[in-house]
Amino acid sequence: MKRIRKIDDNVFRLIIILITFLLIAGITKGGTFMKPSIFQTMGKQLAEYGLMSIGCGICMISGGIDLSCVYIANLCGIIAGLSMQKSGSSIIVAILISLLVGAACGAFNGFLVSYLRIPAMLATLGSYQLFQGISVVLSGGSSVSGIPDTYTSLGTLTIIGIPFAFIMFLLVVLIMTFIMSKTTFGTKVYLVGTNAKCAIFAGIKNNTIIIKTYMLSGLIAAVAGLLSLARINSAKADFGTSYTMQCILIAVLGGVNPNGGFGSIPGIAIAVLILQMLSSYLNTFPDISNYYRDLIWGVALIGVLIINFVINKKKTARLAKMS
Amino acid sequence: MNTLKNKMNKYVKQTEFWVFLIILVLSLIIQGRSGAFFANNNLVDIARSMICPSIYAICALLAFVSTGPDVSFPLIAALSSYISIMIAYKTNFDGPWFVIFLVGMVFGALMGALNGFIIVKYKFPSLIVTLGTSSIFSGILLGAFEAERMDLPETLQRFGKLTLLAVKNEKTGLGSSLPMTFLILVVLYIIAYLILNYTLVGRGVYAIGGDEISAERAGFSVGKIRFGIFVINGMIAAIAGLSYSVMSMRYLPTEYAGGEMVVIAAIILGGTRLTGGVGTLKGCILGTLLLTMVTNSLILVGISVYWQKVFIGGIIIIGTAIPALQTYLNKKKKEVKAGEAA
């Protein structure tokens, strides 16, 4: 019970930040910012890296990290693109293949981390080179295009004004929230992340849990890759390389503890919303370069870490006094 | 005889030995397939492309051995060399080249100090902190300064044109030259070797990485050493950054980012342990050599460049899986033995 309360605190704080930010944006840039079209673009843009942040986030909750999600996404996009080119009609088959590939890549990561005991950071560092390499080999180094129109129409499809990509993002958020907070699998992931040794003594098969966690992350990355294939109508081996860092950053902003064991999916989702709004807001100022986003994100990451540190310190001090 | 055997045994147990063996076998294979590996221009080419990664490798080694991963060095390199080059332009500086290097090192040290301060004061994981700071540095470089490609000041250009060694392959007519920056690399490694092995501070670097609490009890000031390491990392990164631009004769702001992963992979291959406390400069050089060889020489064997990343990824995974499994099995063996003894 206590753990759930604690996570709620963090989500509550994030929601307050989001609302304050919306107010500031609304007051200073009311007319140009509060337009449905801007929110639609935001919805489209955030889905891809938002999804990957969730994948990376669950790996971090399990005590690891996934640096390869961007490259899994690219690989899946390329594979889907290639199979759509070859057999134009079977879009669904292409989607299924690429989801399978994503899950397999994730499972491979999980295997390296669990059975071979390579530290997660290193294992995914190696496997991202591998996945990127495979993508380069498959695509011949250039971008894969010639995607059927029926598929690319998903990129522009809106349902009652909401972009399809954003709906997928929400769907994944809902499913993952359910998995992580309501199923025994989710609880086990938290336990493995908090203390792997304890988890073994509690009768949890750590290796299986870790493989499943990375597999989920790979699967989510595949969804992100498919969405980006639909949005930009092509796939490339080195697309979105800067997302890797952003994903970790978002997960940490969303309250995930880099040492594992803490964090929640809604927290990550709200952090995605905050960051996307921030960068769209900055875009409304023509003379502020887009690169300032990096600066602000970096400051935000370290700032949030320090704030969380101070709050937790105060809390433990209070608890110590009470006892 | 016995001591020789002991010495052999000791060498065989080191990761560096195996990396050396792999390098040897690989180079013989490449030589056998193409006949061009041991050509003088190829060797000089490899030495040349090793310069920057090897300097970065010292940063990565110091960080890993004492604290944890540091991924900010490419951006510290980019930002500090940009600032020092700009200062040289603004002041119309035309003195000796090393003054620019010193200015760069001051700024690098400041940026490293920011890393060190946050890591020491709040005890956050160094990976996350350095990710954050490299994002900040990249924002300052490309956002605030709007850095673009530019030519180097005269004095650096002159320095870049100096060559230490120029060779020409008689058969193919291809030439290659080793720039002066190679000397910087050699000097840095000698200094690092002496400090790490023969001074108290150097031993402290290993001690705090091995076991923080024991090191503190033994009288090492953990916070100060850690802070110092990040400051020095910043300085080394600045040197690497300026060397890079000197070697390419231009300042290219966007070419720096992304280099960290390969460097980290190289030092891990060379036997540096992710959990801290273990790692040697010899391993850094060998690991970097292996990865440079793979990237430079695959094409000699007739393997298309497209396969490069596949090979690097494969080498990293295999190279890290073996030591990881080894330590795990050793630990298990020891546990079994301890169990029997009890």
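This is a short tour of a two-chain model, one selection at a time. The model is predicted.

**Stop 1: chain A**

Select chain A and colour by secondary structure. Chain A holds 13 helices and two strands. Its radius of gyration is 20 Å, close to the 20 Å that the globule rule gives for 323 residues, so chain A is as compact as a globular protein of that length. Along the principal axes, its C-alpha atoms fill a box of roughly 70 × 55 × 35 Å. Now colour by burial. Of the 323 residues of chain A, 48% count as buried. Then look at the contacts between residues at least 6 apart in sequence: in chain A, 78% of them join residues at least 24 apart.

**Stop 2: Arg117 of chain A**

Stay on chain A and select A:Arg117. The residue is in the loop between α4 (91-114) and α5 of chain A. Check its backbone. Most residues other than glycine have a negative phi. A:Arg117 is not a glycine, yet its phi is positive, about 60°. Buried or exposed? A:Arg117 counts as partly exposed, because it has 18 C-beta neighbours inside 10 Å, and a buried residue needs 20 or more.

**Stop 3: chain B**

A compact globule of 342 residues would have a radius of gyration near 20 Å; chain B has 21 Å, which agrees. The box filled by its C-alpha atoms is roughly 75 × 55 × 40 Å along the principal axes. Buried residues account for 47% of the 342 residues in chain B. Among its contacts between residues at least 6 apart in sequence, 76% join residues at least 24 apart.

**Stop 4: Met249 of chain B**

Select B:Met249. The residue sits in the loop between α11 (222-248) and β4 (250-251) of chain B. B:Met249 has 13 C-beta neighbours inside 10 Å, so it counts as partly exposed; the limit for exposed is 12 or fewer.

**Stop 5: the interface**

Bring both chains back. Select the residues in contact across the two chains: 41 residues of chain A meet 40 residues of chain B. Which elements of chain A give two or more residues to this side? They are α5 (120-139), α11 (243-253) and α13 (292-322). The largest share, 13 residues, comes from α5(A). Colour the chain A side by residue class. It has 28 nonpolar, eleven polar and two charged residues.

**Stop 6: a helix pair across the interface**

Two packed helices are described by the angle between their axes and the distance between the axes. The axes of α13(A) and α6(B) come within 7 Å and cross at roughly 150°. That makes α13(A) roughly antiparallel to α6(B), since angles over 145 degrees count as such. The crossing of α13(A) past α6(B) is left-handed.

Show side chains. On α13(A), the contact residues include A:Tyr292, A:Asp294, A:Leu295, A:Trp297, A:Ile302 and A:Leu305. On α6(B), look for residues including B:Ile128, B:Gly132, B:Ile136, B:Gly139 and B:Gly143. By class, the contact of α13(A) with α6(B) has twelve nonpolar, seven polar and one charged residues.

Note on methods. Residues numbered from 1 in each chain as written. Chains lettered and ligands numbered in written order. Predicted model: local features only at pLDDT ≥ 70, side-chain atom pairs only at ≥ 80, totals over all residues. Rg over C-alpha atoms; globule rule 2.2 N^0.38 Å. Contact = placed C-beta atoms within 7 Å. Helix = DSSP H or I, 4+ residues; strand = E, 2+ residues; numbered from the N terminus. Nonpolar A, V, L, I, M, F, W, Y, C, P; charged D, E, K, R; others polar. Axes fitted to C-alpha atoms, helices over the stretch in contact; angles between N-to-C directions. Parallel < 35°, antiparallel > 145°, perpendicular 65-115°, else oblique. Left-handed = near helix turned anticlockwise from the far one by under 90°.
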